[in-house]
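Subject: A structure for you to explore

Hello! Here is the structure I promised to pass on to you.

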Amino acid sequence: MSQIKFSPATRLFGLIGHPVAHSLSPKIQNELIDTCGGDAVYLAFDIEKDDVGSVMQAVRAMRIGGLNVTAPYKEAVMPYLDSLDGTAQRYHAVNVIQNIDGHLRGYNVDIAGVLKFFEVKGVPICGKDVLVLGAGGLARALLNGLSAEKAGSLTVFNRTAEKAQELARRTEEEWGFPICAEPEAKAYDLVINATSAGMHPQEDACPVPFPCPWIDSHTIVFDSIYNPSETVLLKESKRLGAKTYNGLGMLVLQALLSYEIFTDQKLESRIYQKFADYGSLQGVESIL
Ligand code: NAP
């Protein structure tokens, strides 16, 4: 339980979105503030679409230190900001707003969060054969991020094959990295689930068939889903001897990167190590 003490100088950070009632961000961020000894508090605000502009004005007027932005406002906030970091421009979505003396700057740490998680956990990308499952927003951003990390090869697989083909074509065109839209019958080094198959309330769904030629005991399987903490994909992959991770670490490391932006300071690597293990330390179910 967070032991935050308040003072006249206590800073306010927060999350805007709709709905936000079940967000884990306030819990994670307040524990982080506590761990870092910061004089700040983090709250969640459920706001209406028509109020996005006035909320941005309030952030300036009330000197709110920074905000995270979640669905459905990641694009809607953009016209109200004073500048955009390269990541926000690249993904055309903002999930962190920094307020420096009334200047609001938008960032996107979605992919940085997952890449940081891989770094902290020692999961190599460079030169590895990676299979991305899904063809939605996260899959698109991942293909971009993984190509920048110099993956050996990138393959995308999706339930609706045409969407995977279209995504592969568009990504290649935009970023010049070859993407294959037909997985080979071989085990990949890293398999990433960027679909909602297996996520509450479709817990029985799985984005790949089992037995699965793409996963064996040397494969690392990362599922972006964290509720439930172990999807069918992770359970079955574990049975094949694969190393598995759920999506909580990705969420938590996004929170750490956001905090660095809010406070304009770098966090020590021991804090990254501690929070990367957040789910396993506390038991994911106990915090959902
Ligand atoms: P999205 O744009 O809506 O894309 C959803 C994808 O899931 C599509 O490729 C869709 O396939 C596929 N899909 C849905 N149900 C399926 C099923 N039963 N079987 C197979 N494929 C199925 O969503 P998104 O924004 O990319 O997010 C994708 C996932 O990432 C979600 O689970 C989300 O929770 C997770 N996520 C996690 C974090 C984190 O911090 N851990 C952050 C962002 C996102 P079709 O094209 O065939 O419909």
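**The whole protein**

Please keep in mind that this is a predicted model. The protein has eleven helices and twelve strands. How does its radius of gyration fit a compact globule? For 288 residues, such a globule would have a value near 19 Å, and the protein has 19 Å, so the two agree. If you follow the C-alpha trace along its principal axes, it spans about 60 × 40 × 35 Å.

Of the 288 residues, 49% are buried. The exposed surface comes to about 13700 Å², and carbon and sulfur atoms supply 52% of that area. As for charges, there are 26 positive and 34 negative ones, and their mean positions lie 3 Å apart.

The contacts are worth a look too. Taking those between residues at least 6 apart in sequence, 69% join residues that are at least 24 apart.

A quick reminder before we go on: strands of a sheet pair through backbone hydrogen bonds, in either a parallel or an antiparallel way.

- β1 (residues 11-17) runs parallel to β2, with seven bridges between them.
- β4 is parallel to β6 (residues 103-107), and two bridges link them. Here L84 sits opposite G106 of β6.
- β5 (residues 96-100) and β6 are antiparallel and share five bridges. I100 has H103 in β6 as its bridge partner.

β5 and β6 form a hairpin with two residues between the strands, and D101 there has a positive phi near 50°.

**A glycine to look up**

Is G65 buried or exposed? G65 is buried, because its relative accessible area is 1%, and the cut-off for buried is under 20%. You will find G65 in the loop between α2 (52-61) and β3 (66-69). Leaving aside residues up to four places away in sequence, G65 touches R11, L12, F13, Q98, N99 and F262. Another glycine, G17, is 48 residues from G65 along the chain, and their C-alpha atoms are 17 Å apart.

**Around β10**

Which strands pair with β10 (residues 190-193)? One of them is β7 (residues 129-133), which runs parallel to β10 and is joined to it by four bridges. In that pair, V132 has I192 of β10 as its bridge partner. β11 (residues 220-223) also pairs with β10 in the parallel sense, over four bridges. There, V191 stands opposite V221 of β11.

In a regular strand, side chains alternate between the two faces of the sheet. You can see this kind of pattern in β10: L190 and I192 point one way, while V191 and N193 point the other way. All four of these residues are buried.

Note on methods: Residues numbered from 1 in each chain as written. Predicted model: local features only at pLDDT ≥ 70, side-chain atom pairs only at ≥ 80, totals over all residues. Heavy atoms only, no water. Rg over C-alpha atoms; globule rule 2.2 N^0.38 Å. Buried < 20%, exposed > 50% of the residue type's maximum accessible area, 1.4 Å probe, protein only. Contact = heavy atoms within 4.5 Å. Areas by Shrake-Rupley, 256 points an atom, 1.4 Å probe, with all protein chains shown as cover. Lys, Arg positive; Asp, Glu negative; His and termini not counted. Charge placed at Lys NZ, Arg CZ, Asp CG, Glu CD. Pairing = 2+ DSSP bridges.
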